[in-house]
Amino acid sequence: MEKITLAGQLFQYLITGLTVGSIYAMVAVGFNIIYNVTEIINFAQGEFVMLGGLIMVFFHVTVGLPLILAFPATVILVTLVGILLDRLAINPIRQPTVLTLIIATIAASILLKGTAMFIWGKDPYDLSAFSGRSPISVFGAVIQPQYLWVIGFLIVIVIILSIFFNRTIIGKAMSACADNPDAASLVGINVKQMILLSFALSAAIGAVAGITVTPISLMEYDRGAMLAVKGFGAAVLGGLGSFPGAILGGLIIGAIESFGAGLISSGYKDAFALIVLLVVLFFKPSGILGSIEISRIKRF
Amino acid sequence: MTFRKIAVLSTICLFAIGLIASPALAFKGAYKVGALFSVTGKWSFLGDPEKKTAEMMVEQINNAGGINGNKLELIVYDTEGDATKTNLAFKKLITQDKVCAVIGPSGSGTTMAIVPVAEKYEVPLVSCAASYKIVHDEKTGKPYKWVFKTPQTDTMAAEAIYTHMKKHGISKIAIISVTSGFGASGRSELIRLAPTYEMTIVADEKYGGKDSDLTAQLTKIKGTAPQAIINWSVGPTQVVVLRNYRDLGMVSIPFYQSHGFGSRKNIELAAGAAEGVFCPLGSCNIAELLPENDPQKAVTMAYNKNYMAKYNEPLSSFGGHAWDALNMVVKALENVGDDKAKIQSYLENHIKGFVGQHGIFNYSADDHNGLTKDAFNMVVVKDGDWALAD
C-alpha cells in the first residue's frame with residue numbers, strides 16, 4: 001500500500017468531515033424547521049434519524065423490498081411518527097409554554113428510544129451501500145460512493161426546501177407562521193396545521209439522514225441522543241432559525257471534528273466542535289448567519 | 001356444614017396434599033448465591049449472556065438434585081452498568097438476601113466500585129470483568145483477599161497478540177483504542193509490554209464508545225505506514241473501525257482485534273471487512289476447532305450445545321466467564337458448604353487445574369485470576385467464521 005501524503009490525508013479529513021457534517025446539517029435543518037414555526041427545540045429529532053435507519057433495515061432487509069420502494073416507504077413511516085408526535089404530544093397540551101413543549105419532546109425521545117430497543121434490541125444493524133463499496137481514489141484520499149450519496153441528498157434537500165419555502169403557498173404560509181404566528185392566523189393560516197407540517201417535514205428529513213448514513217456507520221437504538229446534541233450545536237453555530245446557517249453549521253462541525261481528530265488529538269474529538277461553538281457564540285451570540293433582531297424577537 | 005367449616009377443611013386438605021406432593025421437589029435446604037450483571041444498559045452484551053448462562057447452570061444443577069441435596073438459589077440483580085446501582089445491589093445481597101458468595105459484576109468499573117465492600121463485609125466475590133486491578137491491590141502488591149476473577153487479563157491478550165506478531169516478524173505497529181476503562185487498560189498494557197516484545201508504536205489513536213466514524217484516526221494511522229494495527233475496544237465500534245479500515249483501502253495491513261471481538265455477530269456486521277482479522281479468543285468460542293485431546297474440549301462443546309438448545313442463539317464469549325465463576329463457587333459449596341470464609345479458603349487453595357470455558361484455572365494466595373497467556377488462542381477470521389491462526 002502506498003504511503004499517503006499529507007495533502008492526501010487533509011483531503012481525506014475534509015471528505016469524511018463533510019459527510020459526517022451533512023448528517024449534522026440534516027439534523028440541524030430539522031431543528032430549524034420546527035423551531036421556526038413553534039419556537040421549541042424538538043429533542044426527539046435524533047430519534048427520527050435513528051428510526052429512519054432502523055425502519056429502512058426492516059423494509060429492505062427483513063421484508064425484502066428493493067431500495068427504490070423501501071426508501072419512500074421508510075420516509076413515509078417516519079413522517080407518520082413525526083405527525084403522531086405532534087398530534088399526541090404537542091397539540092393536546094392545553095397551555096403550551098415553550099418549556100412544557102420541550103419537555104414533551106424529551107419525553108417523546110425517551111419513548112421512541114425505548115420502543116426501538118424493544119423492537120430491534122441493542123444490536124447495531126447494517127444496510128448495503130446504495131451503489132456498492134468500491135472506493136474512489138482522489139488525490140490519495142479514498143471516497144466511498146456512500147459518502148457521495150449523503151452529500152448528494154443534503155444538496156437535494158436544500159434545493160427542495162428552498163423551492164418549498166420561497167415558491168409555494170404552503171411554504172410561504174409556514175414562513176409566515178415563523179415570523180409571527182398571530183398575524184399569520186389573522187390572515188387565515190391554520191397555525192396548528194403548519195405546526196403539524198413542520199413536524200412531518202423534520203421527521204422526513206431526519207429519516208433521509210438515517211437511511212443514508214446507516215450503510216456507512218451502522219445504526220443502533222441509542223444513536224439519536226448524540227446526533228441530536230451535535231445537530232443542535234450545528235444549528236446554534238449557524239444561527240438558530242437560519243437554513244443556510246444550519247447547513248453551514250453542520251458542515252463546519254463535521255469538518256472540525258475530522259480535522260481535530262486527525263491533526264490534533266483523536267481522544268478529544270467531541271470537544272473540538274463544542275469548543276468552536278462556544279467561541280463563536282461568545283463573539284456572535286446569534287450564530288454565524290443568525291440575525292440579532294430575529295434572535296431578540298424569539299423567546300428562546 | 002356451614003360455608004366456613006367447608007372452607008377451613010378444604011384449605012387443610014389442600015395443605016395436606018401439598019405436603020404429600022412436594023417431596024419430589026424437596027431440598028434439604030438452600031444455598032444462596034448472588035449475581036450482579038449489567039443485563040440492561042450499554043454493557044448488556046456482557047450481562048445478558050452472563051445472566052442466561054448462570055440461570056441455565058442453576059436449572060441444570062437443581063434438576064440433578066441440587067448441591068448435596070441443597071437447592072441452589074441464584075439471586076440476580078441488574079446493575080445497568082452503573083457503579084452506584086452495583087454498590088447498592090451488592091449491599092442488598094449481603095445484608096438482606098444473606099448470600100454466601102457473589103458472582104459478577106460484568107464490567108471492570110462496576111467491580112472496582114464494590115471491591116472495598118467485599119473486603120469490608122468479607123464476602124467472596126468472583127468477578128466476570130477483565131481488568132487486572134480487580135485482583136491486584138496496588139498498596140500490597142497482592143490480590144484482595146475476598147475478590148477473584150475469571151476473565152483473562154488484558155495483559156494476557158496483549159501478550160498473545162505480541163507473541164503472534166513477533167512470530168510473523170512485525171515490529172512497527174499502530175494502536176487505536178476506545179476511551180473506556182476496557183480500552184484504556186488494554187492500551188496501557190500494550191504500551192507497557194511493547195519494549196519486551198521489541199515493538200515500536202508509531203501511532204496511538206483514541207475514539208469514544210459512541211463514535212460512528214473513525215476515518216480520521218485511521219487516516220492518521222495510514223500516514224504512519226505501520227506493519228500492523230491493533231484495535232482495543234468492545235461494542236459496535238469494533239465493527240465500525242473494520243468497515244472504515246476497509247473503506248480506506250487499508251486491508252493490506254494486518255489487523256488485530258482485542259478479545260472483546262469474540263462474537264460471530266461482529267463478523268457478520270463487518271460485512272466482509274473482518275476477513276483475515278486476528279483476535280485472541282478463549283476456548284469456548286472455538287470449541288469445534290479444538291483438537292479432541294484438548295482438556296477443554298468436553299466442557300466447551302457441552303456449554304455450546306446446551307446454550308444453543310435453551311436460548312436458540314450462539315453462545316457469547318462473555319457468558320463463558322459467568323460459567324466459570326458460578327461453577328467454581330458451586331464446587332466450593334459442594335466441598336465446604338455455605339460458610340463464606342470456608343468458600344474463600346477453598347477457592348484460594350483448592351481450585352487447581354479447574355477446566356473452565358476460558359482456560360484452566362489455578363488459584364493461589366498470590367493469584368486470584370488463575371490463568372496464563374495460554375488461555376488465549378490466536379484465531380483468524382476465515383470465510384466468515386473463526387479458524388485457528390498459525
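Figure 1. In chain B, 69% of the contacts with a separation of 6 or more join residues 24 or more positions apart. The model is predicted. Chain B contains twelve helices and 14 strands. Its radius of gyration is 23 Å, close to the 21 Å that the globule rule gives for 390 residues, so chain B is as compact as a globular protein of that length. Along the principal axes, the C-alpha atoms of chain B fill a box of roughly 95 × 45 × 45 Å. Of the 390 residues in chain B, 52% are buried.

**Figure 2. The two domains of chain B and the contact between them.** The domain assignment divides chain B into domain 1, with segments 29-152 and 299-372, and domain 2, residues 154-281. The centres of the two domains of chain B, taken over C-alpha atoms, are 29 Å apart. Eleven residues of domain 1 of chain B and twelve residues of domain 2 of chain B take part in the contact. On the domain 1 side of this contact in chain B, seven residues are polar, four are nonpolar and none is charged.

Figure 3. Helix α10(B) spans residues 297-311. From first to last C-alpha, its 15 residues reach 21 Å, close to the 21 Å expected at 1.5 Å a residue. B:Thr300, B:Tyr303 and B:Tyr307 are the buried residues of α10(B). They lie on the same side of α10(B) because they cover an arc of only 60 degrees around the axis. An α-helix has 3.6 residues a turn, so residues three or four places apart point the same way. The exposed residues B:Ala302, B:Lys305, B:Met308 and B:Ala309 are on the other side of α10(B).

**Figure 4. Packing partners of α10(B) and the residue that follows the helix.** After α10(B) comes B:Asn312, which has a positive phi, near 55 degrees.

**Figure 5. The side of chain B that touches chain A.** Contacts between the chains involve 30 residues of chain B and 27 residues of chain A. On the chain B side, at least two residues each are supplied by α2, β7 (200-207), α7 (215-224), α8 (237-247) and α9 (264-269). The largest share comes from α7(B), with seven residues. By class, the side of chain B that touches chain A comprises twelve nonpolar, ten polar and eight charged residues.

Note on methods: Residues numbered from 1 in each chain as written. Chains lettered and ligands numbered in written order. Predicted model: local features only at pLDDT ≥ 70, side-chain atom pairs only at ≥ 80, totals over all residues. Domains from an automatic or database assignment. Contact = placed C-beta atoms within 7 Å. Nonpolar A, V, L, I, M, F, W, Y, C, P; charged D, E, K, R; others polar. Helix = DSSP H or I, 4+ residues; strand = E, 2+ residues; numbered from the N terminus. Expected span 1.5 Å × (residues − 1). Buried ≥ 20, exposed ≤ 12 C-beta atoms within 10 Å, placed from the backbone. Arc of directions from axis to C-beta. Rg over C-alpha atoms; globule rule 2.2 N^0.38 Å.
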